[in-house]
Amino acid sequence: MFSKSTEYALRAVIYIAQKSSEEKKLGIETIAKAIDSPRPFTAKILQSLTKDNKIVSSVSGPKGGFYMVEKAKKLPVWAVLDVMGEIEIIEKCVLGLNQCSEAKPCPMHSQYKSIKQQLIVLFQTKTIQQLAEDTAGGGIFINNLN
């Protein structure tokens, strides 16, 4: 559904929310390995997520790394999708038509309308912290390594 960048971004924020704190920062190698993502790709994604410390925070230097503050953990998944430029994917016509509307629907409009609304509600209400807690028990995974 989403780009590979966004899939990795979602995995990264879940992992960082679960494993980091202001006292315990995570290195790029650790994050990339944990989410099964190439290091350079992970670095680029984290660069987007750390812009203005909106979602992920970072500190450079020997004791540096990536972490999330409690306020950021309470952000909805929607915030990650927004940073990664994926909101339009959910909101637009499933067939990509510019003129799709109630007055001029595409062949899938009526079926997708309710699904789209469910996705929007899900992504706007499910928080990063909730996803991190869901994966903490071990029965739910965020990588392809298991």
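Where in the chain is the place of Asp 36? The legends below describe a predicted model, and the first close-up gives the answer.

**Figure 1. Asp 36 sits in the loop between H2 and H3.** Helix H2 covers residues 28–35 and helix H3 covers residues 39–50. Phi of Asp 36 is near 60°, a positive value in a residue other than glycine. Most residues other than glycine have a negative phi. With a relative accessible area of 29%, Asp 36 is partly exposed.

**Figure 2. Thr 42 belongs to helix H3.** Is Thr 42 buried or exposed? Its relative accessibility is 2%, so Thr 42 counts as buried, the limit being under 20%. Beyond its neighbours within four places in sequence, Thr 42 is in contact with Ile 28, Ile 31, Ala 32, Ile 35 and Ser 37.

**Figure 3. Lys 24 is located in the loop between H1 and H2.** This residue has a relative accessibility of 48% and counts as partly exposed. Apart from neighbours within four places in sequence, Lys 24 is in contact with Lys 19 and Tyr 67. The view also takes in Leu 81, which is 57 residues away from Lys 24 along the chain. Between the C-alpha atoms of Lys 24 and Leu 81 the separation is 26 Å.

**Figure 4. Helix H8, residues 128–136, has buried residues at Ile 128, Ala 132 and Thr 135.** These three lie on the same side of H8, because they cover an arc of only 65° around the axis. Which helices are included in the cover over the buried residues of H8? Among the elements that cover them are helix H1 (4–19), helix H4 (70–73) and helix H5 (77–83).

**Figure 5. The largest nonpolar core of the model contains 38 residues.** Ile 16, Ile 31, Leu 49, Ile 55, Met 68 and Val 80 are the residues with the most contacts inside this core. At least two core residues come from each of H1, H2, H3, H5, helix H6 (87–91), helix H7 (109–125) and H8. H1 provides the largest share, nine residues. In soluble globular proteins, nonpolar side chains tend to be buried together.

**Figure 6. Val 80 is shown with its contacts from other parts of the chain.** Neighbours within four places in sequence are left aside. The remaining contacts of Val 80 are Ala 9, Leu 10, Val 13, Leu 49, Ile 55 and Ile 128. Of these partners, Leu 49 and Ile 55 are also listed, with Val 80, among the residues that have the most contacts inside the largest nonpolar core. Ile 128 is one of the buried residues of H8.

Figure 7. The C-alpha trace spans about 60 × 30 × 30 Å along its principal axes. Of the 146 residues in the chain, 39% are buried. Among contacts with a separation of 6 or more, 64% join residues 24 or more positions apart. The chain exposes about 8700 Å², and carbon and sulfur atoms supply 53% of that area. There are 19 positive and 14 negative charges, and their mean positions are 2 Å apart.

Notes: Residues numbered from 1 in each chain as written. Predicted model: local features only at pLDDT ≥ 70, side-chain atom pairs only at ≥ 80, totals over all residues. Heavy atoms only, no water. Buried < 20%, exposed > 50% of the residue type's maximum accessible area, 1.4 Å probe, protein only. Helix = DSSP H or I, 4+ residues; strand = E, 2+ residues; numbered from the N terminus. Arc of directions from axis to C-beta. Contact = heavy atoms within 4.5 Å. Core = buried A, V, L, I, M, F, W, Y, C linked by side-chain atoms within 4.5 Å. Areas by Shrake-Rupley, 256 points an atom, 1.4 Å probe, with all protein chains shown as cover. Lys, Arg positive; Asp, Glu negative; His and termini not counted. Charge placed at Lys NZ, Arg CZ, Asp CG, Glu CD.
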